[in-house]
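Hi,

Here is the structure I promised to pass on. Could you take a look at it before reading my notes below?

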Amino acid sequence: MEHQTEISREVKNLGHNNSAALIKKAVNMALEAEGVNVPCLVSVMLTDDEGIRRVNREFRDVDRATDVLSFPMNELSPGAFDPADCEQDPDSGLILLGDMMISVPRCEAQGEEFGHGYQREIMYLTVHSVLHLLGYDHVDEGEMKRRMRQREKEIMGDKD
């Protein structure tokens, strides 16, 4: 499936020149695992802690940096993707899934903290965000969060 991932950098000199390839791979892994079999568009903004803090404050009234923010274009049910429920770009025909924003410094720190490095962390955060774009959420500590975490593990190939 030929999905399109548009990646931009809000802040120059974030390093990690392989980020775009890792993000595209993770987007494709997540969409394939979720059975998304129509071409989709996902937009990704790479930023720093201050950039993501500003957006978090503006859109969520949370005045702190975070690792990733997701902005779905559609209201979807987890595990039940239906392209008929989605916005479509009239020019390209691509399904518009939404936008994500990743803090590269936060990703670096978490990769080090969790002992698996930057590459795995940016792929995990991307998978996490794609699941949000597809309707998954973790607003409570209940079943929705468990279901989302299980899908993340399956997509990332983690063993229990």
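Helices α1 and α5 cross in a right-handed manner (a crossing is right-handed if the near helix is turned clockwise from the far one by less than a right angle, and left-handed if anticlockwise). Helices (H or I, at least four residues) and strands (E, at least two) are DSSP runs, numbered from the N terminus. The axes of α1 (residues 19-33) and α5 come within 10 Å, at an angle of roughly 115°; axes are lines fitted to C-alpha atoms, for helices over the stretch in contact, and angles run from 0 to 180 degrees between N-to-C directions. On the α1 side the contact uses M29, A30 and A33, which meet R151, I155 and M156 of α5, where contact means heavy atoms within 4.5 Å. These contact residues are five nonpolar, no polar and one charged (Ala, Val, Leu, Ile, Met, Phe, Trp, Tyr, Cys and Pro count as nonpolar, Asp, Glu, Lys and Arg as charged, and the others, Gly among them, as polar).

Before going on, a word on the source: this is a predicted model, in which local features need pLDDT of at least 70 and side-chain atom pairs count only at pLDDT 80 or more, while totals for chains, interfaces and linings use all residues. Residues are numbered from 1 along each chain as its sequence is written, and side-chain values use heavy atoms, with hydrogens and water left out.

α5 (residues 143-156) also packs against α4 (residues 117-133), with axes 10 Å apart and an angle of about 130°. The two are therefore oblique to each other (under 35 degrees counts as roughly parallel, over 145 as roughly antiparallel, 65 to 115 as roughly perpendicular and the rest as oblique). This crossing of α4 past α5 is right-handed. From α4 the contact takes R120, M123, Y124, V127, H128, L131 and H132, and from α5 it takes M148, R149, R151, E152, I155 and M156. By class that gives seven nonpolar, two polar and four charged residues.

At α4 there is another partner, α3 (residues 104-113): their axes come within 8 Å and cross at roughly 120°. α3 passes α4 in a right-handed crossing. V104, C107, E108, Q110 and G111 of α3 touch G117, Y118, E121, I122 and L125 of α4.

On a 1 Å grid over the protein atoms alone, a pocket is an open set of points with protein on both sides within 12 Å along at least five of seven lines, a cavity is a set where a 1.4 Å probe fits but cannot get out, and lining residues have an atom within 4 Å of a point. Grid points are joined across faces, edges and corners, and a volume is the space filled by probe spheres set on the points.

The largest pocket has a volume of about 470 Å³. It has 19 lining residues, and T66, D67, V68, H128 and H138 are the closest to its centre. α4 gives the largest share of that lining, five residues. The largest cavity holds about 30 Å³ and is lined by E34, S77, G79, A80, F81 and L134.

Best wishes
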